[in-house]
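My notes follow the order in which I checked things.

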Amino acid sequence: MSLSTHEIIIANELSISEKQVRTTIALLDEGATVPFISRYRKEMTGSLDEVQITAIRDRFQQLRDLDKRKEAVLKSINDQGKLTPALEQQILGAETMASLEDIYLPYKPKRKTRASVAREKGLQPLADLILAQESGDFLALAESLVDAENGVKNTEDALAGARDIIAEIIAEDATVRAKSRAIFLEKGSFVSKVVPGKEEAAIKYKDYYDWSESLKDAPSHRVLAMRRGEKEELLYLDIAVNEEEILPRIESIFVKSGNAAAAQVKLALIDSYKRLLKPSMETEIRVLTRQKADEEAIKVFADNVRQLLLAAPLGQKRLLAIDPGFRTGCKTVVLDEQGQLKENTAIFPHTGANGLAEAQKTIKYLVSKYDIQAIAIGNGTAGRETEEFVRKLGLNNVTIVMVNESGASIYSASETAREEFPDQDVTVRGAVSIGRRLMDPLAELVKIDPKSIGVGQYQHDVDQNKLQTSLDDTVISCVNAVGVELNTASKQILSYVSGLGPSLAQQIIKYRNENGPFASRRELKKVPRLGDKAFEQAAGFLRIRHAANPLDSSAVHPERYALVEQMAKDLGKKVYDLLKDADLRKSIPLKNYISEEVGLPTLNDILSELAKPGLDPREKFEAFSFTEGVNSIGDLKVGMKLPGIVTNITNFGAFVDIGVHQDGLVHLSQLSNRYVSDPQEIVKVQQHVMVTVTEVDEKRNRIALSMKTEEKSTQPNNRRKDNKIQVEPQTDMASKLAALASRFK
C-alpha cells in the first residue's frame, strides 16, 4: 500500500483528516516524540492528543509491517514461478495480516504432508477431476493410476490420496478460512476441564474444573486464568464450535452436484475440517483471543501505572522514613527537603519494653533534631504496628503516612540504588525509597520496573514486548506531563524526558556535577552530544526553579520566548509583569500574534502557563489513616465500615488496602449501586474510599468488600452522610463472586 493509502485507512479508522495523519507521521519520522507533538505542534496536527498520536504511530507501523510481509510473500511465490498478475493484485489488496496469510498458505513451503505425498504419486489429476465434479469417469482414471511400486496399491488407495489433496485444497482456501474464522469467533466457546488426578493441586482454578464460556464474551482475566492453568498443566483448555455451523458453508463452496464425485468431495471435506481446518482455526483463535486478552490486560495495567505515577506528592518536606520489621527492627532514615539522606539508624519498638523505650527516645530525638515535618511508614510486615507506635508518640505538626512499599526491595538491590548509595546496605536504600515515594511518587517510581510496583493484572502472562512498549509510553507521558526539575532530577527520570534517553541523561548529570546547577535552559546546549533536535524535544519539559528568565520554570517552549517578550513589550511591560498580573494577561490581543506557525491553541497554552508557570498537574496531597485497632484480618467483622486506599484495579473489580496486610476485593458488582462495566469509571489507584466488609475467609486470606451506598426508601437519592460514603453488605451470591475473582488477583 502507498503512503496515501495508509493515511486514508488511518484517517477513516480514527475519524480524523488525512492531513492530520500525514503531518503526524512526518513529525514522528523526523524524530519528534508523542508528548512533544501533542504539546508543541498543535497547529500542525489539528490539536491531536497523545492517545490519537500514539494510535497513528502504532497503526502506521502495523501497515508498514503488512507491506513488508507482502513483499516477502510476492518474492516467495515469484521464486516458485507461480506468481500471476491476478494473484499479485490479490496479495497487494490484502487488508489484514490474516487475509494475506490465507492467500499465501497454498504457496507456503511446508513439510511433507499427506497431500504432498499423494501428489508425488501422481494423483493430482485425479483430485482435479473429482473436484470438478463433472461427467468424467474418475473411477477409470483412479484405476489407471494404480501402481504398487509407487505406493498406490489399488483404486481405493488412489481415491484416498486424491481426497488428501482435495482436503488440503479446502483447508487452504482463503474464503473457507475467512468464513471459518468468523464462525469460530462468533459461535465458538472456551471449554475448560481439570486434568484428572490434579484436582487438589488445581484448587485455585476450581471454578474452571468444568467451565464453558463464549469466546466473544469471555473477559480477559478469565481467558488469562484458563491459559495459566493450562500452562501449569492443571487444566485442559479447548476451543469448541458446532461443526454444523461450518460444514454446510464449506459444502456450498465446494460441492457442486449430487454425483459420485461430489460424494468423494464430501468425504474429503469432512476429513479436511477435522484433520486440518479445525486444528488450524483453533491455533489461530487461541492466538487472536490471547492477543485480545493481552491488550485488555495491558491497558488495565498501563492505566493503573499512570494513576500510581501521577499520585499526589507530599512535596519537599523534611522527612523520617521507616521500613518496618518485627524481629529485625525498623530501619529509620532522615531525608532533607531534596530527598538526600542525612542519617540512618534502626529502632526495635516491637521486641519488648527496653526496645520500645529506646525507639520512642530515638524517634523524638530525630524529629526534634531535624525539625521533621512528616513520617513515612512502609505498609509491609509490622507496618500497622509501627504506625500505631508512632502515632502514640503524640508528635505535634508531624504528618504520619502509610506508604505502599511495593517494589522498594527491587529498587534497594538495583544498580540504580547502588549508584546512589554505594556505602549503604539494602535496608537503608529501601527505607529511603519509601520516604522519597511519599515526597514524589513519580520521581521515585521511575527507578523501578513498572511490572514490580504492585499494580496490574496477569502482567507476567501477557506479551512482554507489547507490555513494555505500553508501559514505556505511559511513563514517558507521565514524566512529560508533570515536567522535570533540571537541577535536582535523577538520571532515571531525565531519561524519560522527550528527546533525551539514558545516554543524554547521563551527560546532563555529568555536566551538572562538573559545572554546578543549570542557570538557564539555553545552557543545556553546552552539554556534550545534546544537539539542536534533542534540545527542541526536551527543553519545554525541563524546569529551572528560580531561573533568571521566569519562563525557564514554565512549560513555555524556548522557541516561543521571543513571542512572549513581544507581547510584554507591546504592552510596555516585562515578562515578569505578565506572570503576576491577570488583568494584564487578559488585555493581550491574541489574534495579533497568530502566524503561520503559531495559532490560538499555542497562544492559549502560553497564557495558561503565564497564569500558573510550572504548575504541577497532580492533585493536592491529602493525609490518610486507617482505622485504629484494625491491624490484621482477624480484627475484621462483617459489616464493618472502614477507610481504605485503592491499590490495584482489574477488569473484575478493585483491590483495596484497609490496613490488615491483605487487600480486600470490591467486586465489579459492588463498586456502585448502578451497573458498572469498567471499574475505572468509579475508582482510581491511590483513591481514598470507604468500604464495608461483607465476607472474611481467614483460612484462604480472602476479604470481600462493598462500596455500595445504603438506599433508604424515604430518601432514595441521599447516598452520602457526613461526607462519607455509606455502604451496604453484598448478597451471598455477590460475595461468592467476589471470593471467586479474588483468587485470580
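Helices (H or I, at least four residues) and strands (E, at least two) are DSSP runs, numbered from the N terminus. I also noted that this is a predicted model, where local features need pLDDT of at least 70 and side-chain atom pairs count only at pLDDT 80 or more, while totals for chains, interfaces and linings use all residues. Residues are numbered from 1 along each chain as its sequence is written, and side-chain values use heavy atoms, with hydrogens and water left out.

**Entry 1: the sheet**

I looked up F190 and found it opposite I239 in β3. V191 has D238 of β3 as its bridge partner. I then checked the strands themselves: β1 (residues 189-194) and β3 run antiparallel and are joined by six bridges.

Which order do the strands take? I read β2-β1-β3, three strands in an open sheet with antiparallel pairing. The edges are β2 (210-214) and β3, each of which pairs on one side only. From one strand to the next, I get a twist that averages 15 degrees.

**Entry 2: the faces of β3 and what lies across the sheet**

In a regular strand, side chains alternate between the two faces of the sheet. I went through β3 (residues 235-240) with that in mind: L235, L237 and I239 make up the covered face, and Y236, D238 and A240 the uncovered one.

For angles, axes are lines fitted to C-alpha atoms, for helices over the stretch in contact, and the values run from 0 to 180 degrees between N-to-C directions. Helix α13 (residues 220-231) lies across β1, β2 and β3, at about 125 degrees to β3. Helix α15 lies across β1 and β3, at about 110 degrees to β3.

**Entry 3: α15 against α22**

I followed α15 (residues 260-309) to α22 (residues 464-482): their axes come within 9 Å and cross at roughly 25 degrees. Angles under 35 degrees count as roughly parallel, so that is what I call this pair. On the α15 side, the contact residues include I298, F301 and V305; on the α22 side, L467, L471 and V475 are among them. How many of the contact residues are nonpolar, polar or charged? I have nine nonpolar, four polar and two charged. (Ala, Val, Leu, Ile, Met, Phe, Trp, Tyr, Cys and Pro count as nonpolar, Asp, Glu, Lys and Arg as charged, and the others, Gly among them, as polar.)

**Entry 4: two positive phi values**

E233, in the loop between α13 and β3, has a positive phi of about 60 degrees. A382, in the loop between β7 (374-378) and α17 (383-391), has one of about 70 degrees.

Are they buried or exposed? My cut-offs: buried is under 20% relative accessible area, exposed over 50%, partly exposed in between (1.4 Å probe, protein chains only). E233 is exposed at 54%, whereas A382 is buried at 1%.

**Entry 5: A505**

Last, I looked at A505 in helix α24 (residues 502-515). A505 is buried, with a relative accessible area of 0%. Leaving aside neighbours within four places in sequence, A505 is in contact with K491, L494 and S495. I also noted 8.4 Å between the C-alpha atoms of A505 and S490, which are 15 residues apart along the chain.

Methods
Pairing = 2+ DSSP bridges. Contact = heavy atoms within 4.5 Å. Parallel < 35°, antiparallel > 145°, perpendicular 65-115°, else oblique.
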